[in-house]
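Please read the report below alongside the model.

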Amino acid sequence: MPTFVIIGAGLAGAKAAETLRAEGFTGDIVLVGSERERPYERPPLSKGYLQGSTDLAKVYVHEPEWYDVQGVDLRLGTTATSIDPKARTVTLTTGDGRDVVAAQPYDKLLIATGARPRTLGVEGADLDGVHYLRTVADSQALRTAFARGGDVVIVGAGWIGLETAAAARQAGCAVTVVEPDSTPLHRTFGPSVGEIFAALHRTRGVEFRLGASVQALRGTSGLQEVVTSEGEVLAATDVVVGIGAAPNVEIGRTAGLEIADGIVVDASLRTSDPDIYAAGDVAEAVNPLLGRRIRVEHWANALNGGPAAARSMLGQDVVYDRVPYFYTDQFDLGMEFSGDVTGHDQVVYRGDPAIHTGVAPEFLAFWVKEGCVLAGMNVNVWDVTQEIQSLVRAGQEGRAVDLGRLADPEVPLGDLLA
């Protein structure tokens with residue numbers, strides 16, 4: 001009876017286990033997770049659950065009994081510390097990592113260890129009141145902090161930074177965002193779209209310190225103030241650090257796997273070892289659609305990558321060429337994004353992208369290169385993701401569209417490729 005081991009009991013790992021059973025695999029499945037929570041989805045931690053609109057029960061991937069019913073050996077509070085590819089074993093530990101509990105054999109192995117928040121390396125970063133957001137416990141701590149009100153400083157104007165800024169502001173906190181770039185989401189979208197998000201937050205009372213970084217955190221018994229690179233001192237009862245994530249590649253390195261920005265995998269999500277696969281945040285995968293390797297740290301990649309890796313482990317012919325996709329909710333702005341903006345030469349808007357107080361924005365934005373759509377974003381406009389992704393696929397194939405028609409709300413998106 002073959003044994004498939006999955007390291008990482010998050011969304012990718014749980015969906016991989018689900019897919020193995022759905023595809024008829026009758027062997028043993030061992031799902032290993034270092035957290036003590038059963039597998040859950042992370043987007044609500046910075047959105048609905050953080051804001052109190054989503055119950056904790058709704059963040060879990062499966063009901064508690066699902067793992068026993070499906071014959072999945074779920075081992076929580078257990079960490080995989082090393083892989084021996086020759087012996088085909090994984091060393092599992094508990095507690096602080098020094099208590100070896102098993103040398104777990106495997107026939108096929110999936111690494112879905114995700115990523116961890118990058119930490120702030122300045123004086124005072126260890127003070128009480130400094131928060132990161134990755135786990136349920138992190139989100140619960142932020143909910144408690146925001147409920148107290150006070151002065152919240154957000155370090156970093158990426159997705160975590162902006163979503164937690166929105167949650168803190170809606171809870172009644174005074175919020176200031178410190179960001180080294182000239183706009184929020186500058187490296188994701190470029191300056192023009194980044195300024196839209198800045199305007200959204202400003203109209204809701206969020207302040208920005210753009211072009212600045214954090215030099216020090218200060219306080220006596222706990223956090224009291226943030227010192228910026230401009231010499232400004234900001235009052236702070238709490239700080240949220242959102243400066244990116246680092247993939248948890250260490251377990252792959254012990255196996256001698258190829259490592260770059262993440263664990264390198266081919267289009268079937270197989271690593272440099274034919275019996276080891278990787279999916280989710282930790283994987284740097286060849287994407288045939290884009291023609292290069294990419295590492296995607298978003299929910300959809302875990303949701304779709306786990307099942308794709310499971311099918312590949314079963315010997316099916318898998319080509320993982322999904323269009324990168326993510327979404328966000330901030331104040332009254334709901335957004336979905338598809339594609340990759342790398343190399344674009346202009347942004348084309350359909351609708352009015354201006355932010356007005358009291359009016360929810362509704363528009364589409366397209367990143368294009370020489371008339372080819374590389375990426376698209378729908379803001380408070382729904383049920384268009386399929387059409388946008390069709391335009392992205394066509395654009396990656398070199399099929400250009402008429403930009404005037406692309407900007408015209410009267411022209412159906414589906415007609416642009418006719």
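The largest nonpolar core has 50 residues. A nonpolar core is a set of buried Ala, Val, Leu, Ile, Met, Phe, Trp, Tyr and Cys residues joined through side-chain atoms within 4.5 Å. Buried means under 20% relative accessible area, exposed over 50%, partly exposed in between (1.4 Å probe, protein chains only). Ile 83 and Ile 111 have the most contacts inside this core. Helix H1 (residues 11-22) gives the largest share, 6 residues. Another core, of 46 residues, lies apart from it and includes Ile 154 and Met 377.

This is a predicted model: local features need pLDDT of at least 70, side-chain atom pairs count only at pLDDT 80 or more, and totals for chains, interfaces and linings use all residues. Residues are numbered from 1 along each chain as its sequence is written, and side-chain values use heavy atoms, with hydrogens and water left out.

Now the rings. A search of the whole structure finds 13 aromatic pairs. Rings of Phe, Tyr and Trp (its six-membered ring) pair if their centres lie within 6.5 Å; planes under 30 degrees apart count as stacked, over 60 as edge-to-face and the rest as tilted. Two of the pairs are shown here.

| Pair | Type | Centre to centre | Angle between planes |
|---|---|---|---|
| Phe 4 and Phe 25 | stacked | 4.2 Å | 20° |
| Phe 337 and Trp 367 | edge-to-face | 5.4 Å | 75° |

Phe 4 lies in strand E1 (residues 3-7) and Phe 25 in the loop between H1 and strand E2 (28-33), so their pair ties together parts 21 residues apart in sequence. Helices (H or I, at least four residues) and strands (E, at least two) are DSSP runs, numbered from the N terminus. Phe 4 counts as buried, at 6% relative accessibility. Phe 25 is buried too, at 10%.

Phe 337 and Trp 367 are both buried. Phe 337 is in strand E23 and Trp 367 in strand E25 (residues 362-369), 30 residues apart.

Which side chain does the side chain of Asp 340 make a polar contact with? The partner is Arg 292, at 2.4 Å. A polar contact is a pair of N or O atoms within 3.5 Å; within protein, one must be able to donate a hydrogen and the other to accept it, and residues adjacent in sequence count only if both atoms are side-chain atoms. Asp 340 sits in the loop between strands E23 (333-339) and E24 (346-352). Asp 340 counts as buried because its relative accessibility is 15%.

Gly 205 follows H8 and has a positive phi, near 95°.
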